[in-house]
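Subject: A structure for you to look at

Hello,

Here is the structure I promised to pass on. Please open it first, and then read on for what turned up in it.

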Amino acid sequence: MQQIRPASLAELSLLPAIEDAADREFDVASWVAGPLPQRAPVHEFSEALHIMVAGRPPVGFARIEAVGGEAHLQQLSVDPAFGRVGIGTALLEAAIEWARESGFCAMTLSTFVYVPFNAPFYARFGFKPTDQLGPELQLIRAGEQSAGLDALGERTVMRLDLGHHTFVPRPRLP
Ligand SMILES: CC(C)(COP(=O)(O)OP(=O)(O)OC[C@H]1O[C@@H](n2cnc3c(N)ncnc32)[C@H](O)[C@@H]1OP(=O)(O)O)[C@@H](O)C(=O)NCCC(=O)NCCS
């Protein structure tokens, strides 16, 4: 199994090609009604909150952002040449663990409802569809809509409770 670890700076430029290759999975069985819009430019990776990769050189990655005070799985991609051997699962588990250890109360993501490696895959880990969207998640959904994603297939936002309570500072002792 490929080791999961934080991405190094030098590896960030390799990630758009992995995302491109992974997104070709959508064409294979016509899971969605057309090609996906352009993937993230490389500068978005260098501005990410946290990126974990699998393999050396990387063959898959998970990109996590902070959205509305929660961890948000912005992207999970595995090069299909290395697909279906558990790397996506290992990356997702590592991303969830990282978010939990970092103190986030929940992890969210936005994905296609009817693609088997999207919503049904995340549901196996306990992610549940939610319509409780704060302003930042609403902005992400609006961006997806204007990029044309919703025209390709029904989308949903999912949330996983990470078991932390919202941080409430203790009152100062007199
Ligand atoms: C989703 C993704 C990261 C999974 O990576 P992976 O390394 O293949 O994941 P795993 O080997 O852990 O498999 C996870 C499960 O996803 C499902 N799955 C993965 N690829 C699939 C495919 N082409 N067709 C149907 N189901 C698929 C299966 O249920 C699989 O479990 P199984 O092999 O035991 O049946 C990868 O398919 C990918 O990069 N897809 C394109 C980008 C994407 O959709 N990302 C997620 C949404 S943001």
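This is a predicted model: local features need pLDDT of at least 70, side-chain atom pairs count only at pLDDT 80 or more; totals for chains, interfaces and linings use all residues.

A helix's expected span is 1.5 Å times one less than its number of residues.

Helix 4 covers residues 87-101, 15 residues in total, so at 1.5 Å a residue it should span 21 Å. The C-alpha atoms at its ends are 21 Å apart, which agrees with that expectation. Its buried residues are Ile87, Gly88, Ala90, Leu91, Leu92, Ala94, Ala95, Ile96 and Ala99. After helix 4 comes Gly103, with a positive phi near 95°.

Now for helix 1, residues 15-23. Seven of its nine residues are buried, so the rest of the structure largely encloses this helix. The buried ones are Leu15, Pro16, Ile18, Glu19, Ala21, Ala22 and Asp23. And what covers them? The cover includes helix 2 (25-28) and helix 3 (42-46), along with strand 2 (50-54), strand 3 (60-67) and strand 4 (70-78).

Strand 4 is also where you will find Ser77. Is Ser77 buried or exposed? Its relative accessible area is 2%, so Ser77 is buried. The side chains of Ser77 and Gln75 are joined by a polar contact of 3.1 Å. Leaving aside neighbours within four places in sequence, Ser77 touches Ile18, Glu19 and Ala22 among others, and Leu91 is also one of its contacts.

The largest pocket holds about 1300 Å³ of space. It is lined by 45 residues, and the closest to its centre are Phe26, Gln75, Leu76, Phe117 and Asn118. Strand 4 gives the most to this lining, with seven residues. Among the other elements that each supply at least two are helix 1, helix 4 and helix 6 (135-147). By class, the lining has 22 nonpolar, 13 polar and 10 charged residues.

The second largest pocket holds about 160 Å³. Its lining includes Asp20, Asp23 and Arg24, as well as Pro35 and Arg39. Here the classes come to three nonpolar, one polar and five charged residues.

Ala29 and Val115 are 86 residues apart in sequence, while their C-alpha atoms are 9.9 Å apart in space.

Enjoy looking around!

Best wishes

Notes
Residues are numbered from 1 along each chain as its sequence is written. Side-chain values use heavy atoms; hydrogens and water are left out. Buried means under 20% relative accessible area, exposed over 50%, partly exposed in between (1.4 Å probe, protein chains only). Helices (H or I, at least four residues) and strands (E, at least two) are DSSP runs, numbered from the N terminus. Contact means heavy atoms within 4.5 Å. A polar contact is a pair of N or O atoms within 3.5 Å; within protein, one must be able to donate a hydrogen and the other to accept it, and residues adjacent in sequence count only if both atoms are side-chain atoms. On a 1 Å grid over the protein atoms alone, a cavity is a set of points where a 1.4 Å probe fits but cannot get out, and a pocket is an open set with protein on both sides within 12 Å along at least five of seven lines; lining residues have an atom within 4 Å of a point. Grid points are joined across faces, edges and corners, and a volume is the space filled by probe spheres set on the points. Ala, Val, Leu, Ile, Met, Phe, Trp, Tyr, Cys and Pro count as nonpolar, Asp, Glu, Lys and Arg as charged, and the others, Gly among them, as polar.
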